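The following paragraphs lead the reader through a structure of two chains, taking each chain in turn and then the places where they meet. Please keep the sequence and the model at hand while reading.

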Amino acid sequence: MKNQKNINLLEVSQLYKSFGNKKILENISFEMGKGEFVLITGSNGSGKTTLIRIISSLCSHDEGEIKIFQTSLKKEFEIVKSKIGFGMHNSMMYDDFTGKENLEYSSDLYGITNKKGNLKNIVDRFELTEILDKKIKYLSQGQIKRIANAKAFLNNPKLIILDEPDSGLDKQSQEILFREIIEEKKLGTSILLASHRLEKWIDIADQVLFMKNSSLINVTKDRKNLIF
Amino acid sequence: MNPFKTIWNIAKRDLILELRRKEVLFTILGFSTLVLSIFVFSIDVNTKETQKIVPAIYWSAIIFSFTIALGRRFSIEIENGAFEALILSPISKDIIFFGKFTSNFILVLISSVFALPITSILFNINILKIEYLLLAIIISFGLSTLGTFFAIMSIKVRAREVMLSLVFFPAVTPLLFAGVDCMDKIIQNNNFSDIQSWIFFVLFYDAIFFLISLLLFDHILQE
């Protein structure tokens with residue numbers, strides 16, 4: 001029997017993506033096990049966000065295959081979406097709703113049964129009480145990012161996909177995010193996170209994917225083996 | 001998850017958002033009132049010939065104002081990627097379509113009905129009849145179906161408002177013809193049987209495009 005940890009939650013094989021003549025991703029392959037924290041890093045424009053958007057089905061790919069929860073992304077992604085929490089580069093929230101209203105809307109879309117209790121839990125974990133009742137348009141970028149990050153954890157996901165969750169966050173908010181990711185990891189949640197801040201995340205990462213010029217130039221679990 | 005509850009959740013949020021922003025409803029109501037008022041000042045409203053062009057003025061005002069409002073409405077959806085949150089949530093694409101369609105339908109119906117008494121007062125004709133309400137409902141249904149479909153289709157296009165007008169106007173032209181002719185016949189106090197064929201045509205057109213939109217909606221959400 002396969003060890004639970006060895007079950008591949010996410011498999012990306014020979015992924016290619018171009019916009020016109022410009023190659024964005026070239027032959028990207030990696031695997032992610034249950035409960036693993038995988039960090040995608042690299043400089044701006046290296047293809048991190050495109051890779052995250054393709055894995056989240058927000059963007060199509062030209063070649064290659066992606067399997068999430070051992071089901072094909074192209075065929076059965078609808079089925080597994082409820083197990084995934086998404087935090088993209090933009091907030092994915094309505095400006096004229098408060099943080100609370102945005103989180104409640106998300107809870108409704110995910111069909112969360114204990115909406116109030118679940119919301120309170122998330123608000124407490126991410127320390128959002130003070131900003132929760134303010135409309136998004138009156139919050140700073142950092143405060144918006146805090147709520148957007150919390151939204152990714154709202155549906156108690158088995159896999160959390162985050163794109164630059166630490167951008168615009170102050171030190172305290174970064175610590176909260178860091179703490180919650182470690183907590184989720186302990187609970188067996190898998191986390192796929194794209195960030196150019198390698199130093200921040202490398203110590204808790206099980207796997208680091210280093211991207212440069214549209215390709216994965218390094219896949220390692222050891223800081224010493226990182227090639228820049 | 002109860003699909004009807006989810007559809008209502010999407011539509012309800014859209015309507016709450018609209019009540020707060022007051023952009024779409026004000027655009028439709030304001031623009032249609034303006035168009036109707038301009039015509040009143042430029043033509044003699046008491047001649048029979050003028051009364052014949054009232055339906056064309058009314059429906060043109062509704063369709064033009066709805067197009068402007070649609071562009072604005074879906075700009076809000078893409079501003080912070082809020083529409084992406086819908087796509088990423090574990091609900092089927094059909095439910096997203098139904099939800100967006102419902103809110104658009106309510107907005108365009110409110111505007112169409114609101115413009116009726118204004119038209120009636122400005123042009124001095126009695127169009128406050130049940131037949132008009134029926135006509136407004138079935139044509140609003142078609143406008144909302146095509147509007148929702150094309151607005152979402154043009155979401156990723158750079159010149160989205162131009163693109164929306166280019167595809168939306170030709171598609172709603174048959175509805176416009178039906179609306180104008182039916183309204184003209186109702187003004188002339190014709191029987192329901194005189195407009196029956198148009199009513200069936202609009203119902204058929206609504207049903208066909210609703211099904212096509214539903215079938216293609218998943219496809220247009222793919223890049």
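**Architecture and contacts of the two chains**

Chain A contains seven helices and ten strands, where helices (H or I, at least four residues) and strands (E, at least two) are DSSP runs numbered from the N terminus. Its radius of gyration is 17 Å, close to the 17 Å that the globule rule gives for 228 residues, so chain A is as compact as a globular protein of that length. The radius is taken over C-alpha atoms, and the rule is 2.2 Å times the number of residues to the power 0.38. This is a predicted model, in which local features need pLDDT of at least 70 and side-chain atom pairs count only at pLDDT 80 or more, while totals for chains, interfaces and linings use all residues. Residues are numbered from 1 along each chain as its sequence is written, and chains are lettered from A and ligands numbered from 1 in the order in which they are written.

Along the principal axes, the C-alpha atoms of chain A fill a box of roughly 45 × 35 × 35 Å. Of the 228 residues in chain A, 43% are buried; a residue is buried if 20 or more other C-beta atoms lie within 10 Å of its own, exposed if 12 or fewer, and partly exposed in between, with C-beta atoms placed from the backbone. Among contacts in chain A between residues at least 6 apart in sequence, 68% join residues at least 24 apart, a contact being a pair of residues whose C-beta atoms, placed from the backbone, lie within 7 Å.

Chain B has eight helices and zero strands, and its elements accordingly read α-α-α-α-α-α-α-α from the N terminus on. Its radius of gyration, 18 Å, agrees with the value near 17 Å that a compact globule of 223 residues would have. The C-alpha trace of chain B spans about 55 × 35 × 30 Å along its principal axes. Buried residues account for 41% of the 223 residues of chain B. Among contacts in chain B between residues at least 6 apart in sequence, 82% join residues at least 24 apart.

Within chain B, helix α3 (residues 48-79) has 32 residues and reaches 48 Å from its first C-alpha to its last, close to the 46 Å expected at 1.5 Å a residue; the expected span is 1.5 Å times one less than the number of residues. This helix bends by about 30° at V54(B), and a proline, P55(B), follows within four residues. The bend is the angle between axes fitted to the seven residues ending at a position and the seven starting there. After α3(B) comes G81(B), with a positive phi near 75°.

Helix α1 (residues 3-21) of chain B holds I7(B). This isoleucine, I7(B), is buried, with 21 other C-beta atoms within 10 Å. Leaving aside neighbours within four places in sequence, I7(B) is in contact with I95(B), F98(B), G99(B) and T102(B). The C-alpha atoms of I7(B) and K100(B) are separated by 8.1 Å, although the two residues are 93 apart along the chain.

Where do the two chains meet? The contact takes 22 residues from chain A and 21 residues from chain B. On the side of chain A, helix α3 (residues 99-109) gives the most, with four residues. By class, that side has ten nonpolar, seven polar and five charged residues; Ala, Val, Leu, Ile, Met, Phe, Trp, Tyr, Cys and Pro count as nonpolar, Asp, Glu, Lys and Arg as charged, and the others, Gly among them, as polar.

Helix α3(A) is mostly covered, with eight of its eleven residues buried. Its buried residues include G99(A), N102(A) and L103(A). The cover over these buried residues includes α4 (115-125) and α5 (141-153) of chain A together with α1 and α4 (82-88) of chain B. G111(A), with a positive phi near 65°, follows α3(A).

The largest nonpolar core has 121 residues, and those with the most contacts inside it are L39(A) and I161(A). Helix α6 (residues 130-153) of chain B gives the most to this core, with 13 residues. Such a core is a set of buried Ala, Val, Leu, Ile, Met, Phe, Trp, Tyr and Cys residues joined through C-beta atoms within 7 Å.

Key:
Two residues are in contact if their C-beta atoms, placed from the backbone, lie within 7 Å.
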